[in-house]
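Hi,

Here is the structure I promised to pass on. Have a look at it first, and then read my notes below.

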Amino acid sequence: MTTANKTCSLGRRIYRFASSVSGVIAVFIILWGCTANDFNAGAIAWKTYSNSRYGFEFPYPSNWTSLAAPENDDGIVFILPQNKTVEIRGWASQQLPNSIVTDQNSVKKINSNFQTAQGVSGVLVVEVDKGVGSMTLTLTQSQVKYYWQGRSKSQEFQDYYRLFYYIAQQYRISKS
């Protein structure tokens with residue numbers, strides 16, 4: 001699968017789109033990506049998910065339903081009750097120290113292209129293929145990797161893009 005990169009002039013955001021997406025959908029999402037700040041968060045009733053194990057939190061619409069949390073308490077998944085294919089999830093994991101990683105060439109370094117409202121830099125990737133569209137945020141602090149993701153069917157992704165982007169911006173890591 002080949003991908004194309006698009007950098008918006010309204011920030012350092014890089015979007016990867018699978019070549020299998022029709023040009024109309026890809027262009028529509030790219031244009032919406034450049035105006036994601038127009039999202040009206042005040043029109044939504046919010047709750048906040050807080051993870052005590054890894055010290056992260058993010059808002060989610062109050063009418064979304066959570067799935068059963070894993071026993072290890074590393075994260076959560078919320079689904080839209082009217083459309084169970086639309087989900088947001090957040091999780092974290094401990095990284096192996098570099099001294100344990102034997103093949104340093106296998107470790108890929110991706111430059112930050114996104115910053116949360118809290119000021120934490122990370123990598124935001126948007127991918128759309130024939131079936132699924134997703135926005136994935138990855139943040140790293142100390143030995144912990146934090147992840148947040150919004151997903152939907154690819155043909156519905158433009159309907160949720162601004163919501164996903166807003167939540168990614170509001171993702172917070174507790175200062176330890």
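Which residues does Phe164 touch, not counting residues up to four places away in sequence? They are Val86, Glu87, Ile88, Met135, Trp148, Gly150, Arg151 and Phe157, where a contact means heavy atoms within 4.5 Å.

Before going on: this is a predicted model, in which local features need pLDDT of at least 70 and side-chain atom pairs count only at pLDDT 80 or more, while totals for chains, interfaces and linings use all residues. Residues are numbered from 1 along each chain as its sequence is written, and side-chain values use heavy atoms, with hydrogens and water left out.

Phe164 is also among the residues with the most contacts inside the largest nonpolar core, which has 33 residues. Such a core is a set of buried Ala, Val, Leu, Ile, Met, Phe, Trp, Tyr and Cys residues joined through side-chain atoms within 4.5 Å; buried means under 20% relative accessible area (1.4 Å probe, protein chains only). Eight residues, the largest share of this core, come from α2. Helices (H or I, at least four residues) and strands (E, at least two) are DSSP runs, numbered from the N terminus.

Now for β11: seven of its ten residues are buried. β11 runs antiparallel to β10, joined by ten bridges, and pairs with β7, also antiparallel, over eight bridges; strands pair if DSSP finds at least two bridges between them. Met135 has Gly150 of β11 as its bridge partner.

Finally, Ala92 sits in β7 and counts as buried because its relative accessibility is 2%. Its C-alpha atom is 5.6 Å from that of Asp74, 18 residues apart along the chain.

Cheers

Note on methods
Buried < 20%, exposed > 50% of the residue type's maximum accessible area, 1.4 Å probe, protein only.
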